[in-house]
2 protein chains.
Amino acid sequence: MKQKDQSTEETILQAARKAFTKKGLSGARMQDIADESGINKALVHYYFESKEKLFALVFEQEFGKLFSNLAAVVSSDLPLFEKIEQIVAMDFEKLSQFPDLPLFVINEVSRNPAMVVKRFRQLRIKDMLGTFQNQIDHEIKNGTIKSISATQLLINIQSLSIFPFVSKPMVKNLFKMSEKNYKLMMQLRKKEVAMFIINALKIKN
Amino acid sequence: MKQKDQSTEETILQAARKAFTKKGLSGARMQDIADESGINKALVHYYFESKEKLFALVFEQEFGKLFSNLAAVVSSDLPLFEKIEQIVAMDFEKLSQFPDLPLFVINEVSRNPAMVVKRFRQLRIKDMLGTFQNQIDHEIKNGTIKSISATQLLINIQSLSIFPFVSKPMVKNLFKMSEKNYKLMMQLRKKEVAMFIINALKIKN
DNA sequence: ACACATTTTAACCATTTGGTTAAAAATATT
DNA sequence: AATATTTTTAACCAAATGGTTAAAATGTGT
């Protein structure tokens, strides 16, 4: 039960966010959301009509969180290596704050890909990818880094940043880590991942 | 509807696998499994008692698939770089065959971590991790590679291999790839990922 | 052909679940 | 204070869902 200093609407949305991110669309119950909000189930419908509409709203907000700022940083005019550090730092900060975000978004996009086509259009990916590829090509010509495509590099960065959050329960179990040890390991990662990527790009002689 | 050359039991299990991996425990319907098997719903219960038991069986099998061979390769006596190539190749082969596997397993472990504690014990992680760390430390002392922990390296390898499969619908949408282009990109990745990791480990000059 | 066991089905059942309704309680308007 | 408006609730409802039962169909050994 949440306190009543915030509006009922916001309280419900918060409870819905919690339920949906934890259990998914089909696993979450309207009754749970009502209980968590400390109100009647009918009131949830009074404010948000249907489960689907409430879910769509939650999803839109979470999806936004996941991709906010990415485009801006990727197409900024920072030097490549600094840019990589920036992206990784951004990812770790965001994911530390919202660890359930990526799995939630991935799941729902997997189950209903059509849902996000519009959202992605707004992100102006083509432009972002273009300028990023230019920067990379420039470095390659300079002999600073090995040949790689912007797409592959972005996927590598996001894989190394996001996957350990997504697979947290697996990692914890597999390596028999306590919560404390997991956090410690992730703390180390934050520093090492950017270095790992940059080193992978650098040319050896 | 599946043909009847295989036993009813196996037909049901196959349908269950399909339903559960696609929609998860809460999203899958016993009726769908029955329909897909071309039989009556009661027959599903006749063979597998309850939804939970059927799910547990499917999960156990899929979980096994995901981790089979990993321990063996990691603690084999291959040279480090060859070992990395081997792990990546293994991952790509398995995931190409069962692309829905990792998201399914990750989801259910996230929702019920207790479920896998036993399974993980059987994998003899401690031994595996120990010998792998020894090999890495040896290379570090030799000055062949930069300092890194076995844990972080394994997470890096698995992140780079698994995450693009898990996030396929996101990647496809984000980069506006057709199915063909996605497969082409993954084909390239198969070659590049191991090189990327090895290069990241190597010391410059 | 007959008895016995196994497999499969149709018809139910109880519970859960998303959603509705009509009235009560609280709040705002005059 | 009286009236209208908004917010909240208790009680329902219909559909969906996991599960059961009793009987029918099929198979097997004698």
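This is a predicted model: local features need pLDDT of at least 70, side-chain atom pairs count only at pLDDT 80 or more; totals for chains, interfaces and linings use all residues.
1. Let's start where chains A and B meet. The contact draws 42 residues from chain A and 42 residues from chain B. On the side of chain A that touches chain B, the elements giving two or more residues are helices H1 (8–27), H7 (101–111), H8 (117–122), H10 (150–166), H11 (168–174) and H12 (179–201) of chain A. H10(A) provides the largest share of that side, with ten residues. By class, this side of chain A has 23 nonpolar, 13 polar and six charged residues.

2. H10(A) also deserves a look for its pairing with H12(A). The axes of these two helices come within 10 Å and cross at roughly 170°. Angles over 145 degrees count as roughly antiparallel, so H10(A) and H12(A) are roughly antiparallel to each other.

3. For the residues behind that pairing, look in H10(A) at Asn156(A), Ile157(A), Leu160(A), Ser161(A) and Pro164(A), which meet Met186(A), Arg189(A), Val193(A), Phe196(A) and Ile197(A) in H12(A). The residues of this contact comprise seven nonpolar, two polar and one charged.

4. Finally, the DNA. There are 15 residues around DNA strand C, and those that come nearest are Ala42(A), Ser50(A), Lys51(A), Asn40(B) and Ala42(B).

Key. Residues are numbered from 1 along each chain as its sequence is written. Chains are lettered from A and ligands numbered from 1 in the order in which they are written. Two residues are in contact if their C-beta atoms, placed from the backbone, lie within 7 Å. Helices (H or I, at least four residues) and strands (E, at least two) are DSSP runs, numbered from the N terminus. Ala, Val, Leu, Ile, Met, Phe, Trp, Tyr, Cys and Pro count as nonpolar, Asp, Glu, Lys and Arg as charged, and the others, Gly among them, as polar. Axes are lines fitted to C-alpha atoms, for helices over the stretch in contact, and angles run from 0 to 180 degrees between N-to-C directions. Angles under 35 degrees count as roughly parallel, over 145 as roughly antiparallel, 65 to 115 as roughly perpendicular and the rest as oblique. A residue is near a molecule or strand if its C-beta atom, placed from the backbone, lies within 6 Å of it.
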